[in-house]
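Take a walk through the model below.

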Amino acid sequence: MCLAIPARIIELDDDKAVVDAMGNRFKAKTTLLPEAKLGDLVLIHAGFAISLVDEEEGKKTWQLISEINEFMDTQNRLSG
Amino acid sequence: MDDLIRQHILPSLKNDALDELGDSARLKLASGSLCFTTDSYVVKPLFFNGGDIGKLAVCGTVNDLAVAGSKPVALALSLIIEDGLEMELLDKILASIGQTARKTGIDIVTGDTKTVETGAADRIFINTAGIGVRPAGVDLGFEKIAVGDKIIINGTIGDHGMTIISQREEMKFQSQLKSDCASLAGLIRELLENTDGIKFMRDPTRGGLAATLNEIARSTAMSVKIRETDIPVRPAVQTAADMLGFDVLTIANEGKFVAVVSPEFADDCLRICRNNKLGKDAKIIGEVVETLDVPLVEIETQIGGKRIVQMPYGRELPRIC
Amino acid sequence: MLDRINKAQGVIDAACETLGRQINIMEVCGTHTVSIFRNGIRSILPKNLKLLSGPGCPVCVTDQGYIDAVLRLADRDDCIIATYGDMIRVPGKDGSLETKQAKANIRIILSSEDALQLAKDNPEKTVIFVAVGFETTAPATAVVVKEAAEGAIDNICILSGHKLVVPAMRALLSEKNHNINAFLCPGHVSAIIGYGAFGGIVEDFDRPCVVAGFEPVQIIEGLCEICRQLSAGKAELKSIYSAVVTEKGNIAAQKIVDECFEPADGYWRGLGKIGKSTLKLKDKYDRFDAFGRFGISDEPGEEIKGCRCGEVLCGLIDPTECGLFGRDCTPQEPVGPCMVSSEGACAAWYKFGREKRR
C-alpha cells in the first residue's frame, strides 16, 4: 500500500504534472510538494508526488535510477 | 453475409483452399504426425502498440503449433461480430490477419462468421483452429525432460501484457511499451533443424513465465530453478509493473517461447536464437533440478536469496489475449 | 550492489552470533512484508534472526465492521464505491466488493483524484471513497476533501479507514507478551511524517528504530544497522532512506492532513481499540464524512471464527500456525484479510514460502 516509485517531472502546470518513469508517463499532482519543479525527480504515490528524491542518494538506492539517466540521454539523442 | 465474405474477407485472405468456399477445406498434407490446436481471442483493446486482435489470432495459433514441433500448415478462422461494428475496423483487422498469415507462410483455409445483436459480444471475438505437420524425428514432450536440462527463453518478458494494461481505459498511460506479438515458426524451425537436444517448448502466454514453469514442474514432477538476474526484462516494462503492482513473471507474452534443452546443446541453441531478430535477447534462465519434497519452481533473487514462484492465481487481468 | 549486501550480511551474521539469543525484528509496513518475501531475504539471514510481520497492511488491520459497512453501501443504487484495488476481495458477511461488482457500481481507482472525478462525472450519484491506508496515503485523501469543499462538490464522501503507525507500534510494545527487539520502520510513511516521529519509541521503550526503503539493499542495510545497535547494547533512531526521508518529513502534506483530519480512537483488527490511532474528518468537513452521512457506526464487527489474523498481525504467530491456513483459507478462497491483501503476511507466506500447506 505504500507502493511508490521515483519518476521525473517532465510537464508541470500549477500542481498538475506529467511524470516519466523509464518512458512510462503518468499524470500526477504536486499539491503535496509545492516546491517541486520541472525536471525534479520525485516519489509518486497514489497519483501524488510525496517527496523529492535526492539524485545521488537515489542512484545508491534504486538500481534503475542511474539507468533512467542513461535512458533519457538515449531518448534525447534519438529525437534531438 | 455473402457480401461480407466476397467483398471483405476473401480479398484479405485470398488462397486456393479458401477461394473454393466449400463447407470444409480439402487439404493435401505431407506425411508426418499432425498437430491440432484451437484458441479464442477476446483481447481488449482491439488495437494496441505492436499488434491487434487479428495479428494476435494468427501468431497465437501458429505459435501453439510451432512449440509442439510442427510446421503450421492451415488455419480455420471464426469471427463473432457484434452488430454495429464499423466496416472500416473489420477491414483493418482482416487486412492484418491476411498480412500476418502471408508473412508466416500459413493459409486461412476455412472459416465462419456470425453476427450477434449489440451487446451480445464486445465488438469482435475470434476463434481459430490450426493444423501443423510434425516432421519425423521431431519429438517434444514433458516425458523427455530430465534433471540437468537447461531452460532458455528467447527474449524479454512481460512486454505484451504490460502494453495491453497501459492501453486499458482504467489504467491508461502513455508509454513506449510494445507488444512482442510475433510468429515464432521461423525461429523454432531453425532451432529444430539445426540442433538436437530440444526436449520441450511452450509459449508463456496467460500467466506468463510463472505459469509455464509451474506447468513443467507439475507435469514432470521435477523442480525448476531460475535466476532473477538472468531473466531478460526491459526496464520500461519492469518499472510499469512496479508502478502498478504487477509481477512481471506472471505477465502474458505473445512472441516468446520457453525451451527445455539438453545441457550440451544449450549454447548452440542460444547462438541460433541470438542470430534471429526474435531471439537476440535469448538467455539461459535456469535448469531442471531434483525435487526435494514437492515439485517447485524456485527463484534465486537478485540478492542471492531464494523464494518460490507460485502458479499465478487470484484476480488475473481479464482479456489480455 | 552485491558487495554492499555481502558486507551487510557479514555484519548481521557476526552480530547475531555474538548475541546468541533469538532476535525478533518487526517490520510494520505491508510493502516491506512483500519485498522481504519477494527477494527471499529470510533465506539469507542467520537462524536466530526472525523477521516479524506487523500490523502494516492497511487492509489487514481494517476492522470487520468497516468492511461490512462498505459492502452494505455497495448495495445502494444511489452510490458509487471508489476503492483502491487492495480492498476488492476482502470478504465480509455478505460476499466481497468483487462478488458484488457485476451488479453494483464499484470502481477501482489508482488515486483519490479519480474518486473526485467520478463525483464530477456522476452528479446524480454519491461517490463513497473507501479511504484506507496509513500516513503515506492520508494526504492524498485530504487534498481531495479540500478540493471538494472548494469546488462545492457535494456528491462525494470519505469513509475514512486511515490509521496511524506509531500508536499501533506503541500498543504492541505495551502488550506484556510481545517479543519485539527492534523495528524496521516504514520508508514512505516516514517520507510524510519524518523519521523523527519514531523517536518516542526509542526513548520510551528502548528499542532500535531504523527507517529503510523497500529495495532489497535498503532492507538488508536496515537490518544490518539494527543488528549493529543490538550487539552494541544500543537503541537509537536512524534513517538510511536519505533519498526521500528527512527528520521532519513533508510539512505541506502534514499541514493538509491536519486541516482535514484529527486523530481519534479506533479499532484495529487483532489489536483492538487503540487511542488516537485513526483519522477522523474534522467537524468543519463533516459533510464529507460517510460515517455521519450514512449513519455508520464505528463499532467493531464480529471476527470470523477460527481466523487468527489478529495474532499474525501482532507477530505472535506465523501464518502457518493458523489452523485455516492453506486449507480453508487460501488466496482463491480467503477467510481473513491477511490472505486477501497482496500485502498480507498470510498471502505473502502462501505465495512465496515453501510450506504452503500443513
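A:Met22 is buried, at a relative accessible area of 2%. Buried stands for under 20% relative accessible area, exposed for over 50%, and partly exposed for what lies in between, with a 1.4 Å probe and protein chains only. The loop between β2 (16-21) and β3 (24-29) of chain A holds A:Met22. Strands here are DSSP runs of E with at least two residues, helices are runs of H or I with at least four, and both are numbered from the N terminus. The phi angle of A:Met22 is near 55 degrees, a positive value in a residue other than glycine.

This is a predicted model, in which local features need pLDDT of at least 70, side-chain atom pairs count only at pLDDT 80 or more, and totals for chains, interfaces and linings use all residues. Residues are numbered from 1 along each chain as its sequence is written, chains are lettered from A and ligands numbered from 1 in the order in which they are written, and side-chain values use heavy atoms, with hydrogens and water left out.

A:Ala46 has phi near 50 degrees and is not glycine. A:Ala46 sits in the loop between β4 (41-45) and β5 (48-52) of chain A. Is A:Ala46 buried or exposed? A:Ala46 is buried, with a relative accessible area of 15%.

Now go to chain B. Its secondary structure consists of nine helices and 13 strands. Where is its B:Pro45? B:Pro45 lies in the loop between β1 (33-41) and β2 (47-48) of chain B. The peptide bond leading from B:Lys44 into B:Pro45 is cis, with omega near 5 degrees.

Step back to the overall form of chain B. The C-alpha trace spans about 60 × 50 × 35 Å along its principal axes. For 321 residues, a compact globule would have a radius of gyration near 20 Å, and chain B agrees, with 20 Å. That radius is taken over C-alpha atoms, and the globule rule is 2.2 Å times the number of residues to the power 0.38. Of the 321 residues in chain B, 54% are buried. Among contacts with a separation of 6 or more in chain B, 87% join residues 24 or more positions apart. A contact means heavy atoms within 4.5 Å.

Last, confidence. The predictor gives the complex an ipTM of 0.90 and a pTM of 0.90. Chain C averages a pLDDT of 92, and 99% of its residues score at least 70. pLDDT is the predictor's confidence in each residue, from 0 to 100.
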